[in-house]
Amino acid sequence: MATAPKTALILGANGGIGRAVMNELIGQDWHIRALVRALPDISAAPPVSPQHARPIDWIEGDALNKHDVLRAAENIDVIIHAVNPPGYRNWSTYVLPMLDNSIAATIANRARIVLPGTVYNYGPDVFPDIDENAPQNPKTRKGTIRTIMERRLENACTKGARVLILRAGDFFGPTAKNNWFSQGLIKPDKPVKTIIYPGAKNTGHQWAYLPDVAETICRLLACENQLDNFARFHFGGHWDASGTDMINAIRTACNNPALPVRRFPWWLIKPATLFVPFLREIDEMKYLWRQPVRLNNSRLRTFLGEEPHTPLEQAVKTTLAAFNCLPKHMHTAKSANSGDTYSPFPGPVRPGQ
């Protein structure tokens, strides 16, 4: 006897990880609700593919408004908490209240909340190889808030909630706009002429391709009966031991092995942090580019048997195509509109009830 499709509420559906997870869940026949500040314009929607035949319930509301979140979350099975303030404005002020609203909705529905985790929680005392049981002693403001978030989630499990945290390195992918890859290494909507690399020479760095992260989250959710109430896993992704793998993958994707590389101008960032919140957040995290910090994914591989893993060159080429960064002769209709990139309009718009 077939089981009824489950329902997920996506907070942050317009962001990289929210879109990627939503796309993956739709492909697995989940019911999707997406809480957004403004309903999408259905007139701009591209044709609906069979993969996206089930319509999304787009619900107008604010993740900072507890009533909006509780209304949107009624009778859901999972909340994907992938929301952040735009441009990191007032990040420290808004992040915890938004999480508290999601926690309240999760408890009310006896559901599971999914949080995409970061390496910010950890300090140098556990570098360079980190497993899920490592102590969290962050040295940054952002890391401290991230640690508080996870403590609140763990406490919520004593009140009927269930939690899944998948921690990963730096995101990149066709739906990911606010990250080092798309705002640092390359420039969207322009062929790559120069790679700007922020890492120290011969220093390892960990990358996470968003479609692989999304698939991993969905595989874990499919194992709900085997998950702990408070479940944490580390995602391995792509470990670039010398900092050259990503550079070479971009060169290969662009069919230009001679693409020049320049170092990121960290010295220019400091003065601008007084006026640009996003640059302040970048400056605080520069230590992650000056020393190797690697998440150990042994627990995840043991639990799932394998970790979803797209080859780096393929992942980079798909990402560059989505951002219109490949040489013009390499762009095709398929790369611009294929199923590798997420459409925010996979079905008719249904305003929330």
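Tutor: A contact means heavy atoms within 4.5 Å. On that basis, among contacts between residues at least 6 apart in sequence, 79% join residues at least 24 apart.

Student: What are the ground rules?

Tutor: This is a predicted model, in which local features need pLDDT of at least 70, side-chain atom pairs count only at pLDDT 80 or more, and totals for chains, interfaces and linings use all residues. Residues are numbered from 1 along each chain as its sequence is written, and side-chain values use heavy atoms, with hydrogens and water left out.

Student: How many helices and strands does the protein have, and what makes a run count as one?

Tutor: Helices are DSSP runs of H or I with at least four residues, strands are runs of E with at least two, and both are numbered from the N terminus. The protein has twelve helices and 14 strands.

Student: Why does glutamate 132 count as buried?

Tutor: Buried means under 20% relative accessible area, exposed over 50%, and partly exposed in between (1.4 Å probe, protein chains only). Glutamate 132 has 4% relative accessibility, so the label is buried. Of the 353 residues, 54% carry that label.

Student: Where does glutamate 132 lie, and what does its side chain reach?

Tutor: Glutamate 132 is in the loop between β6 (129-130) and α4 (141-156). Its side chain reaches the backbone nitrogen of histidine 234 at 2.8 Å. A polar contact is a pair of N or O atoms within 3.5 Å; within protein, one must be able to donate a hydrogen and the other to accept it, and residues adjacent in sequence count only if both atoms are side-chain atoms. Leaving out residues up to four places away in sequence, glutamate 132 touches Tyr122, Arg232, Phe233, His234, Asn296 and Arg299.

Student: What does the side chain of threonine 175 reach?

Tutor: The backbone oxygen of glycine 16, at 2.9 Å. Threonine 175 is in the loop between β8 and α5 (180-185), and its relative accessible area of 9% makes it buried.

Student: How many aromatic pairs are there, and why is the pair of phenylalanine 172 and tryptophan 207 called edge-to-face?

Tutor: The whole structure holds twelve aromatic pairs. Rings of Phe, Tyr and Trp (its six-membered ring) pair if their centres lie within 6.5 Å; planes under 30 degrees apart are stacked, over 60 edge-to-face, and the rest tilted. Phenylalanine 172 and tryptophan 207 are 6.1 Å centre to centre with 90 degrees between the planes, hence edge-to-face. Phenylalanine 172 lies in strand β8 (residues 170-172) and tryptophan 207 in strand β10 (residues 205-209), so the pair ties together parts 35 residues apart in sequence. Phenylalanine 172, at 0% relative accessibility, is buried, as is tryptophan 207 at 1%.

Student: What makes the pair of phenylalanine 233 and phenylalanine 303 tilted?

Tutor: The centres are 5.2 Å apart and the planes 50 degrees apart, an angle that falls in the remaining class. Phenylalanine 233 is in strand β11 (residues 230-234) and phenylalanine 303 in helix α10 (residues 298-304), 70 residues apart. Phenylalanine 233, at 5%, is buried, while phenylalanine 303, at 26%, is partly exposed.

Student: Why does leucine 274 count as exposed?

Tutor: Its relative accessibility is 70%, which passes the exposed cut-off. Leucine 274 sits in the loop between α8 (266-272) and α9 (277-284).
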